[in-house]
Amino acid sequence: MFLLIMTFVLWGMQAVNGAWLFIAFPRLGWKIPAGVVPLLLTAFILFGMSYTRTHEGMFAGALYYASYICFGLVFLAFCISAACVFLSWILQFFHLSARAWLGPLSLAVMGVVFALSLWGGFSTPRVKRVHVTVPGAPKMKIALVSDSHVGMGVSLSRFDKALRKIEAERPDVIFLLGDIFEYGPGLKKYAARLKQTNPPLGIYGVFGNHEYYVGYDHSKMLFKEAGVNLLENQTAALANGIQVAGVKDARTARVTAQDVTDLLAQTDREKPLVFLSHTPLYAEEAAAAGADLMFSGHTHNGQIFPFKYLVKLQFPRVYGLYDVNGMNFYITSGMFYWGIPLRFLAPAETPVIEVN
């Protein structure tokens, strides 16, 4: 059923793109842009996505990038084409013809958007500095790593470059917010590189939904190889007196608001408390239970505009720093990307939280 839906969606987006090209440039005809090309490209994308799930090597890596990039560009072209069709209808209602200029303009916009999306996907994530105040907490630097999805779609050299930026900030502790390891070759090398960061107060982390998708035991082994103190509905105390609590992925592991309340009730209300949750849920419950800081990922800030507004339908908070009843809550857009190696109007980042 999923494959059938995916096939229909892929073909439908391309059919809209082809129809717009035919409207804007009638000499092209409709058979190739709206008929043949969508069928061939849909088959190629689905083959690439399926093949790279079970194969490794240079060919699989190249096919991964080609098929997933095509998927992303098809979506962006669809958004632009649909907007142009809608605008053309409005102008026709006022008896205005826009075909002569709207067609070339749409291609120019596609070119710019495609270039920016590729740049956003393949550039090194920026360091995002965020300043927060927590009464009674020591001065410290916290680095967040979330949604890196390393493996087939992210090379070890790219991961190394991003970690070097974090190391240059000299954080006291690193918190992993889930969706760290995907599928692909040599994942133990990624784990070993992460372990080398060796911050003074250690590395603590929680699972995201993808840790369950790629295999719970496998993900747990990789976290151990990386020297991560995994928190699964558990608490821990840092050497500087800060308490850290972390939950399993809320949606995948079916963590409830009561689970969060019960977990945080085990902590000392007199000491500063940090709450880690991959999915940005239960912020109000965490604040009521005494958390001073909460960190989440998962949303990617939409990754490709305008997906952000679809994400907002699921989560009231998508990206950035929020004040939730006195608790500082930061949601990061993530280190890299999931699946489609593109980012448009949603830059990747490695946040460094400066406390006090």
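Which residues point one way from β11, and which the other way? Hello everyone, let me start there. Met 327, Phe 329 and Ile 331 point one way, Asn 328 and Tyr 330 point the other way, and all are buried, where buried means under 20% relative accessible area, exposed means over 50%, and partly exposed is in between, with a 1.4 Å probe and protein chains only.

Before I go on, a word on the model. This is a predicted model, in which local features need pLDDT of at least 70 and side-chain atom pairs count only at pLDDT 80 or more, while totals for chains, interfaces and linings use all residues. Residues are numbered from 1 along each chain as its sequence is written, and side-chain values use heavy atoms, with hydrogens and water left out.

Now the sheet around β11. Strands and helices here are DSSP runs numbered from the N terminus (E, at least two residues, for strands; H or I, at least four, for helices), and two strands pair if DSSP finds at least two bridges between them. The sheet is open, with 6 strands in the order β6-β7-β8-β9-β11-β10 and mixed pairing. β6 (234-237) and β10 (320-324) stand at the edges with a single partner strand each, so one side of each is left without a neighbour in the sheet.

Let's walk through some of the pairs. β8 (residues 273-276) and β9 (residues 293-296) run parallel and are joined by 3 bridges; there, Val 274 has Leu 293 as its bridge partner in β9. Leu 293 also stands opposite Asn 328 in β11, and β9 and β11 run parallel with 4 bridges between them. On to β10: 5 bridges join β10 to β11, and this pair is antiparallel. Gly 320 stands opposite Ile 331 in β11. β10 and β11 form a hairpin with 2 residues between them, and Asn 325 in the turn has a positive phi of about 50°.

Next, the pockets, which I expect you will ask about. On a 1 Å grid over the protein atoms alone, a pocket is an open set of points where a 1.4 Å probe fits, with protein on both sides within 12 Å along at least five of seven lines, and lining residues have an atom within 4 Å of a point. The largest pocket has a volume of about 1,200 Å³, a volume being the space filled by probe spheres set on the points. Its lining has 33 residues, and Met 6, Phe 71, Phe 307, Trp 338 and Ile 340 are the closest to the centre. Helix α1 gives the most to this lining, with 5 residues. By class, the lining has 18 nonpolar, 12 polar and 3 charged residues.

The second largest pocket holds about 200 Å³ of space. It is lined by 15 residues, with Gln 14, Asn 17, Gly 18, Leu 21 and Val 37 nearest its centre. Elements giving two or more residues to this lining are α1, α2, α3 and α4 (99-122).

Last, the cysteines. A disulfide is a pair of cysteine sulfur atoms within 2.5 Å, and the count comes to 0. For Cys 70, the closest cysteine sulfur is in Cys 79, 16 Å away and too far for a bond; Cys 70 is partly exposed at 23% relative accessibility. Cys 84 is in no disulfide either, with the sulfur of Cys 79 nearest at 11 Å, and Cys 84 counts as buried at 9%.

Conventions
Nonpolar A, V, L, I, M, F, W, Y, C, P; charged D, E, K, R; others polar.
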